[in-house]
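Here's a quick briefing to read with the model open in your viewer. Have a look first, then work through the notes below.

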Amino acid sequence: MKKSDILIIGNGISGLFAACIAADMGKKVQILSYGAGTLTIGGGIIDVLGYDDQGKFIADPLKGMDGISANHPYAKTGAQTAKKALEAFLKITEEEGYPYLGSPDKNLWLPTAVGNFKPTCLVPRTMDTEALFKADNILVVGFDTMKDFYADMATKNLRERLSKNKNVEEFIVKLNFEYGRDLRDISAMDVARWLETDEGHRSFVDQVKGHVKANTAIVLPPVLGLEPNYKVLDSLKKELSCALIEVSSLPPAVTGTRLNKMLHSCAKKRGVQIIEKARVVGSEIIDGKCQAVITEGFDRQRKFYAEQFILATGGVYGGGIIAKIGAMSEPIFNIDIEVPKVQTDWSYKQLFADKKQIFAQYGVSVDENLTPVAADGSKPASNVKVVGRSLAGYDFCYEKSGNGVALITAYKAAAAFCGEA
Amino acid sequence: MAINKQHAIDPDKCTACTICITACPVTAATRKFRGPKMTGPALTRLRKLVSDDDPMLDYCSNCKTCDLVCPSGVPISTLNMIAKNEYYKTHPRKSKADDMLAHSEKMGKLITALPLGSTFANLGMSVGKSFGVMGAMGIAQDAKMPSYASESFISKFKKIKQTPYPRKVVFFSGCYINYNQPEVGTDLVKVYQKNKIEVAIDENFVCCGSPMVSGGYIDDARVNASKNTALLKSWVDRGYDIVTACTSCGLMLKQEYQELFDFEGMAEYAAHMYDSIEYLAKLHDDGQFDTDFANDNTKYIYHAPCHLKVQAIGRPSMELLPMIPGIDIEEADVGCCGISGSYGFKADKHEIAMKVGSKLFNRIKNSHAKLGVCECGTCRLQMENGSGVKAIHPLTVLRQAYGL
Ligand SMILES: Cc1cc2nc3c(=O)[nH]c(=O)nc-3n(C[C@H](O)[C@H](O)[C@H](O)COP(=O)(O)OP(=O)(O)OC[C@H]3O[C@@H](n4cnc5c(N)ncnc54)[C@H](O)[C@@H]3O)c2cc1C
Ligand code: SF4
Ligand code: SF4
Ligand code: SF4
């Protein structure tokens, strides 16, 4: 394609969602991306805003956005846009046959792999955590040879955290996979593939059935299939007559992989052209407007032209922002990011301090339209908007807002480029 | 091993994010494979310290899906191939077929040089199978092997009368087109002539070496790379662009040579390399692509080869083919077909290859398409083998639409 209406750099959750929204509004959209996004290793759940700056739990994320600090991305989008964005996301999940649960104005408590709880907002139906609180009996199901999920620890912690009249028990499913020096360890992805087979399904049901009492909810690692649909969940639910709830868990993440597949399929259906392995190294800016971005590979540089550009390259982790000693910059549009000169100021002394990490909040500063603003206050390109993890002003890990910021800023940028305020 | 400065092989770029594990099709198909992160960057670091003994390496098919998703630019598959090469310097080969499959050009030359050679070879292949000869050679009993053409592409090419044009390309046909499917090469010449391009070939080109690298014969590939590099550079110096119609050849010549070897001129000629359809898509961008198509009411399903996906050129076939009036074409978009060049022909890998490809086979069957479309020769064979639906090169679709 010689020229697109909107060109998006990055195919993480923010890039893909922006693409779906813009394509829905009739735009010709192209994505350039070098490597997959964080989604494939993340939990695939949409945290919007779980804690405020003081670490206090927020029951209604939309309300929590009122009075948020001025440089936070949510201060630029506002609660109204946030609501629209999350509703648009819910609608897409519905259309794609992988509907999410939850509502933008209410946080849910989701069990983690070790049996603690974390706040989140939108979740797949495999994480219907309200069923957990309604059940009288909780059955924690582990798998005997699978790494990364310790059913005994989860059981112990759930027993402590849930009300005393709930009966929490543990059961370990035998996988009976082949073992040997020449075979690798078993991961949640292997178990998810197994549960997609008839053999796995039968074996699971046969082993677990006897332990399911009336009004039981099963808590298990994320293993209910790798595809973005509820086939595995629904068939197990039916045969076992109980709820099943996947915990949020460690990478490589089954639930994130599902959402990643869903968003890709959604973008492709809308005619979005995705060019993979295309590393964007620079841009051509004339009179304060970006004309094209430049990719570089083993052969030659290529220029990709567009009317408007969305920067969705993520944070330091995936190369979206480059950190050097005492300096930080966004490499494609060459935006300087203001950082303290002494690097030890970047992080609080204790890594897990009960405070937001300064380092985590670094990113590209933007104005109220998500247009980038350099350290000296200048605006390098008026037809560029920045979304997702590339943005400054928030610590997703501390406040639990990662995918929420990504979706909401992506929506705002795409809608604005399509003429919607 | 000489390391190219610009594309240095650096395992330390890995951040251990595990994204590659979620994408590797062989990891999904068998637990005999440890997965890209471990065999690639993690063990490479270890191998620098101690000599490693990792038979699991053999399972990496060099499909490069891991490279595609890695956000840190780790050349995972190439790290695996280098390690495989080292491993076989001190260990016996698992499969007797390795040598033959890696040096497919030798076989092609031999067979097409004999009068009626291809007929006997193709016959031999089926007779061989029924007597279990292939099995003894390490070839999977029920793998469908490529058949040989009675006349090579180079020989056919010499008989074609072309109209000279100022726009000139040299076509690196590769072994598969030369010995197995010469009609893809003649289709290229017809389609290019229609677009006012003159096509040259070079009889001194040798196999790109892709199957050698995948089979762990990097030293043999180096010999071929040295020959091809000098030739390709000289064509570019004379003002020619280079095109390939086999995505593995294209990737090898422009990327893997630069990763593995250090010959003068590689980066220079790579700047002028194009996939055959990408070249036409570029003409289209410049408003010079001929769209004088006849109707084609066929239903097609397109499969993008893994080795095309990592070239950062998108899907040029899905830009051009939908322009044919009446055409119904969709992209399969379900990942690797499993064959990875010659991987799926090996007796100990065939089952894995079929498992990897099963999603694609089902997708093709359920699409009710009349024909599959794919740029890679062995992918096409695997698509036919797995789904029963014949597959053709996009150049063939274009040639037909031009009524040629
Ligand atoms: C382990 C982990 C678990 C998490 N779990 C959760 C969770 O459960 N819930 C939640 O809400 N949040 C979670 N998060 C946070 C959340 O994943 C991120 O905030 C979010 O994914 C950011 O999305 P993004 O699209 O902005 O960036 P990314 O996902 O980082 O995507 C950036 C994209 O840009 C590409 N790119 C970068 N540079 C270039 C370039 N030069 N040229 C071309 N392409 C480029 C990258 O390859 C990538 O595709 C988690 C994060 C991590 C690390
Ligand atoms: S090249 Fe293919 S088979 Fe090998 S590790 Fe990478 S994804 Fe897996
Ligand atoms: S995707 Fe790249 S960075 Fe991540 S684990 Fe694999 S090799 Fe390492
Ligand atoms: S990659 Fe190309 S040149 Fe190499 S063996 Fe295959 S067809 Fe021949």
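The lining of the second largest cavity splits into eight nonpolar, seven polar and no charged residues (Ala, Val, Leu, Ile, Met, Phe, Trp, Tyr, Cys and Pro count as nonpolar, Asp, Glu, Lys and Arg as charged, and the others, Gly among them, as polar). Keep in mind that this is a predicted model, where local features need pLDDT of at least 70, side-chain atom pairs count only at pLDDT 80 or more, and totals for chains, interfaces and linings use all residues. As for bookkeeping, residues are numbered from 1 along each chain as its sequence is written, chains are lettered from A and ligands numbered from 1 in the order in which they are written, and side-chain values use heavy atoms, with hydrogens and water left out.

**The cavity**

- That second largest cavity has a volume of about 110 Å³, a volume being the space filled by probe spheres set on grid points joined across faces, edges and corners.
- Its lining has 15 residues, and B:Cys306, B:His307, B:Ser340, B:Gly341 and B:Cys379 are the closest to the centre.
- A cavity here is a set of points, on a 1 Å grid over the protein atoms alone, where a 1.4 Å probe fits but cannot get out, and lining residues have an atom within 4 Å of a point.
- In chain B, α15 (247-260), α18 (306-309) and α21 (377-387) each put at least two residues into this lining; helices are DSSP runs (H or I, at least four residues), strands likewise (E, at least two), numbered from the N terminus.
- Over the whole structure, the search turns up seven cavities of 30 Å³ or more.

**Ligand surroundings**

- Around ligand 4 sit residues including B:Cys175, B:Cys207, B:Cys208, B:Cys246 and B:Cys249, where a residue is near a molecule if one of its heavy atoms lies within 4 Å of it.
- This shell around ligand 4 draws at least two residues each from α11 (174-180), α13 (210-214) and α15 of chain B, and α11(B) gives the most, with three.
- By class, the ligand 4 shell has seven nonpolar, three polar and no charged residues.
- Ligand 3 has 13 residues around it, with B:Cys14, B:Cys17, B:Thr18, B:Cys20 and B:Cys70 coming nearest.
- The ligand 3 shell divides into nine nonpolar, three polar and one charged.

- A:Arg258, in helix α9 (residues 254-269) of chain A, counts as buried because its relative accessibility is 0% (buried is under 20% relative accessible area, exposed over 50%, partly exposed in between, with a 1.4 Å probe and protein chains only).
- The side chains of A:Arg258 and A:Thr126 make a polar contact at 3.5 Å (a pair of N or O atoms within 3.5 Å; within protein, one must be able to donate a hydrogen and the other to accept it, and residues adjacent in sequence count only if both atoms are side-chain atoms).
- B:Ser152, in the loop between α9 (133-137) and α10 (153-158) of chain B, is buried too, at 14%.
- A polar atom of the B:Ser152 side chain lies 3.2 Å from the backbone nitrogen of B:Ser155.
- Beyond its neighbours within four places in sequence, B:Ser152 is in contact (heavy atoms within 4.5 Å) with B:Asn178, B:Tyr179 and B:Pro182.

**Positive phi**

- A:Asn215 has phi near 50 degrees, positive though the residue isn't glycine, and is partly exposed at 40% relative accessibility.
- B:Asp333 has phi near 55 degrees, again positive in a residue other than glycine, and is partly exposed at 37%.

Definitions and conventions
On a 1 Å grid over the protein atoms alone, a cavity is a set of points where a 1.4 Å probe fits but cannot get out, and a pocket is an open set with protein on both sides within 12 Å along at least five of seven lines; lining residues have an atom within 4 Å of a point.
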